[in-house]
Amino acid sequence: MDKEYCLQAMAWQKSEDYTEGLRLWKQRYGENLTYRTLCFGANDFTRAKMLAGLMEGVIAPDPEPKPEPAKAEPHPDLDRVKDEVSDLDWEVSDLRGKVEDLEGKLDELTGANLRPEAVPAKSENEPQEIQEMRRKTRLLMDERVILKQQLRELPDPEYREDRRKIAVRILDMTDELDMLFAKINYFREHGRVPEEIVVAPDVLKLPKPYLNIRTYISKTIKKINLAKEPAEKKKLEDVLQKWRDKLAEIETEL
């Protein structure tokens with residue numbers, strides 16, 4: 001670890017100034033995904049993330065040599081302690097596997113493990129309005145990737161309200177992206193910018209979760225048709241079945 005950086009990090013730790021922390025993070029890690037997440041603003045989660053990242057591996061200088069540790073005397077119960085530690089290691093490993101399984105289920109439910117939809121191919125002589133729509137889709141898709149990453153990292157239930165807000169934002173962004181893609185495709189097919197994409201009146205009466213799940217089902221079917229690897233196709237089919245089961249639950253309540 002660079003000595004100069006260690007001194008800067010230790011000085012920062014006394015104040016934990018957020019702006020200075022962003023500068024140090026960029027200096028050490030560059031503008032990576034976590035940096036972009038931190039740029040969304042300071043809260044308990046981002047401050048804790050910043051502190052852990054900036055202080056990782058930082059060691060305070062010790063001008064005095066440490067005394068040689070005394071040799072430990074053999075303990076009569078050493079074998080029993082070793083067995084207990086071994087059992088604990090196994091339990092931690094098992095718990096880590098369960099956490100990974102839960103993270104995988106979260107990815108499936110939010111669609112975070114699916115490849116993002118492709119922006120429609122650019123046509124010649126596109127008007128400024130369509131170019132602006134393309135720019136907005138790229139910004140929304142980048143932000144959605146960051147929010148999905150943050151959603152996976154926020155522990156539950158400590159940050160349940162923050163998780164709820166992020167999930168709602170992701171769903172709203174998905175709806176907006178669907179509308180932008182529809183307008184861009186309309187221009188490609190008809191050669192003019194649509195005034196508005198109208199949703200059928202009977203669909204407006206359906207609850208938003210129902211409409212969202214129908215959208216996810218449609219997108220997953222498209223991804224299955226494009227999948228080349230059997231393992232990827234099987235994984236997408238499992239995701240599709242879960243969405244269909246969820247849709248059936250809502251339909252029974254309508």
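Colleague: What is the relative accessible area of Glu16?
Modeller: This is a predicted model, where local features need pLDDT of at least 70, side-chain atom pairs count only at pLDDT 80 or more, and totals for chains, interfaces and linings use all residues. Residues are numbered from 1 along each chain as its sequence is written, and side-chain values use heavy atoms, leaving out hydrogens and water. Buried means under 20% relative accessible area, exposed over 50%, and partly exposed in between (1.4 Å probe, protein chains only). Glu16 is partly exposed, because its relative accessible area is 29%.

Colleague: Where is Glu16?
Modeller: Helices are DSSP runs of H or I with at least four residues, numbered from the N terminus. Glu16 has a positive phi, near 50°, although it is not glycine. Its place is the loop between helix 1 (3-15) and helix 2 (18-29).

Colleague: Which kind of pair do the rings of Trp25 and Tyr29 form?
Modeller: Rings of Phe, Tyr and Trp (its six-membered ring) pair if their centres lie within 6.5 Å; planes under 30 degrees apart count as stacked, over 60 as edge-to-face and the rest as tilted. The structure holds three such aromatic pairs. In this one, the centres are 4.6 Å apart and the planes of Trp25 and Tyr29 stand at 45°, so the pair is tilted.

Colleague: Trp25 and Tyr29 are both in helix 2, but how many residues apart?
Modeller: Trp25 is buried at 4% relative accessibility, while Tyr29 is partly exposed at 31%. About one helical turn separates Trp25 from Tyr29, because their spacing in helix 2 is four residues.

Terms used:
Helices (H or I, at least four residues) and strands (E, at least two) are DSSP runs, numbered from the N terminus.
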